[in-house]
Amino acid sequence: MSNTDLQQKAHRVLKQLRNSQQSQTDLRQRARRRLMLAILLPVLLVLVSLYGILHGAVSIPLQELFSVWLHGQPSVYRTIVMDLRVPRVLVGLLVGACLAASGALLQGVMKNPLADPGIIGVSAGGGMAAMITMVMLPQFSYLLPISAFAGSFTTAIVIYMMAWERGASPVKIVLAGVAVNALLGAFTNGIMVIFSDRVQAVLPWLSGGLNGRSWHHLEFMAPYAIIGLLLCLFAIQPANLLLLGDDSARLLGQRVELQRFMIIMLAALLAGTAVSVAGLVGFVGLVVPHMIRLLIGEDYRFLLPFSMLGGGTLVVFADTVARSWLDPIELPVGILLAVLGAPFFLYLLKRKGTVLS
Amino acid sequence: MTTAIEASGICLSRGHFRLEDIDLSIPKGKLTAIVGPNGSGKSTLLRILVRLLQPDQGQISVHGKSADRYSLREWSHTITMLPQLKESLPQLTVRELVAYGRAPYKKRFQPLQGAEDRDVLEQVMQWTGISMYSERMFHTLSGGEQQRARIAMALAQQTDIVLLDEPTTFLDIAHQFEVMDMLHRINRETGLTIVMVLHDLQQAAAYCDVMIALRQGRLAACGHPLELLTDDFIRDIYGMNATIQFQGRYPVIVPEIPHHSGGR
């Protein structure tokens, strides 16, 4: 064997060794990160929820919280905790979980890292329906959550139908989504101009917030949210198979069109539920699943539950900061999330070898 | 010779591209190569055979039963295809990837790597020689190893027929032969019907039992590769002049190089 042959062989062996070492670390790292998140996220969620309950315009000492719960005597603290903060935190958790799960599902089945609930028309449809209810039919304003929900869901179906031509490809759905979003945005703005005297009431809703969300809102949204989150269990295997590509999934006996439709409708249900009580809260559906994916990969068995936990935690945390930061002004949480989320997303974009590569 | 796939009168027209009136039968338990110039419709034909694409006209039957009469599940137990390596795969270990091949046998909440699947997974990873990589991350493998892992996934589906779209493209020459050797061995040992689109006529002739040639969307020739592969064949199908020389059983295509193109 000549010298060059030997060198080449040594080079090959070395390369293989490096690859296998790399793979070992990848594998171990993945297992470690999954375990870490499985412990960390629930703990964080509990801590952040406590922070949300204790913190705000009036700070409540921890021992007071226990006495509220243990003794249950009527007091100012009890009113603040039980009537204001607990329902608000619970609504925040559900809103965040729904939005993040919705985003995680959409990014996978649309094969588009930028897909988020906004793209399937949930925001625009819900926004317009809410606008119409509030400014044109103010006597029915108690129907606001239902109308927003109906608007979100209808728009998602319309966009899917528009994109249909021998099957709905992800690209077409995204393009149809952009067009329908623009159209509905124009209508919404038109209504705002025409009914400019009544718009004040809608603005906080449009910018997305949890201000004044109570047991009533929780009761309205919880059934949809919980059903939607549970239905995610059925989406795990199809979503994982769709990651292999449409052809491969079809060859593995999957009904790709049907599954994509069902998953998109599930995402619409989840996001519509969130929109109906919290208005247009952006970025959670985009940023949270990306962060989780970055840490533990795309396996939906882990991605979905971790995204739900992460989304809920993020929304409650952001809401608590938003309402105590500029006290006595309460910022809508949607604004704060955009302020935090947009730069963070740009950072992700710039970082080498991440989600979008 | 029993047939695995029988196609008759397949027509398809998409814009400028068309497949016209293709009749063919693919023998059971053999290695069949589909060859032809770029754009001659090889991959399209493969997609039609595996029901990923609906032809405008024509009939396909598999094991004597019309393809339309297979349920989706039955179909995925009978025939599969390995697409060209284009789509990037999610980050998985080799074993996780191969286990996806078990999906057609699963109900919704059954894990892809159940106890009864383990034997199948071990078996196909052994056939493809990737057992020692089973816990490696797929993306850290070399091109040839990745291709073998993808083939293992198709094999884990336990179909009677496997179609492969250019299984050797993008591989270096050593890996190309490795993959061809492996497919040949699996075919001989298990009687699996293998159909593959190939660009390399020499490999097609050396390894396959039947060669089907397409030209401009029509069936141009079909038969035993060593009989088919002649100077005329190269001229008719590819429109180039070359002579075929045999090194033992291995055909070598020597093109006529015009004088002005260098060399000594």
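At what angle do the axes of helix α3 and helix α12 of chain A cross? Before I answer, the ground rules. This is a predicted model, in which local features need pLDDT of at least 70, side-chain atom pairs count only at pLDDT 80 or more, and totals for chains, interfaces and linings use all residues. Residues are numbered from 1 along each chain as its sequence is written, while chains are lettered from A and ligands numbered from 1 in the order in which they are written. Helices (H or I, at least four residues) and strands (E, at least two) are DSSP runs, numbered from the N terminus.

Now the answer. The axes of α3 (residues 76-109) and α12 (residues 300-325) of chain A cross at roughly 140° and come within 7 Å. Axes here are lines fitted to C-alpha atoms, for helices over the stretch in contact, and angles run from 0 to 180 degrees between N-to-C directions. The nonpolar class is Ala, Val, Leu, Ile, Met, Phe, Trp, Tyr, Cys and Pro, the charged class is Asp, Glu, Lys and Arg, and the others, Gly among them, are polar.

Chain A as a whole, then. Chain A has 13 helices and 0 strands. The C-alpha trace of chain A spans about 90 × 55 × 35 Å along its principal axes. Of the 357 residues in chain A, 45% are buried. Buried means 20 or more other C-beta atoms within 10 Å of the residue's own, exposed means 12 or fewer, and partly exposed is in between, with C-beta atoms placed from the backbone. Among contacts in chain A between residues at least 6 apart in sequence, 76% join residues at least 24 apart. Two residues are in contact if their C-beta atoms, placed from the backbone, lie within 7 Å.

Next, the interface. In all, 21 residues of chain B are in contact with 21 residues of chain A. On the chain B side, α2 (72-78) and β6 (79-82) are the elements that give two or more residues, and α2(B) gives the most, with 3 residues. By class, that side of chain B has 11 nonpolar, 5 polar and 5 charged residues.

On to the sheets of chain B. Six strands form an open sheet with mixed pairing, in the order β6-β7-β8-β3-β9-β10. Strands pair if DSSP finds at least two bridges between them. At the edges are β6 and β10 (218-223), each with a single partner strand, so one side of each has no neighbour in the sheet. Neighbouring strands are turned by 15° against each other on average, direction ignored.

Within that sheet, β3 (residues 31-35) and β9 (residues 210-215) of chain B pair in the parallel sense over 4 bridges. B:Val35 stands opposite B:Ala213, and B:Ala33 has B:Met211 as its bridge partner. Is β9(B) mostly covered or mostly open? Mostly covered: 5 of its 6 residues are buried. On to β10(B), which runs antiparallel to β9(B) and is joined to it by 5 bridges. The hairpin of these two strands has 2 residues between them, and there B:Gln216 takes a positive phi near 45°.

The other sheet of chain B is an open one of 4 strands, antiparallel, in the order β2-β1-β4-β5. Its edge strands are β2 (17-27) and β5 (65-66), each pairing on one side only. Helix α1(B) packs on this sheet, touching β1 (3-14), β2 and β4, and its direction makes about 120° with that of β1(B).

Most residues other than glycine have a negative phi. B:His63, in the loop between β4 and β5 of chain B, has a positive phi near 50° and is partly exposed, with 16 other C-beta atoms within 10 Å. B:Gln158 lies in the loop between α5 (143-156) and β7 of chain B, and its phi is also positive, at about 50°.
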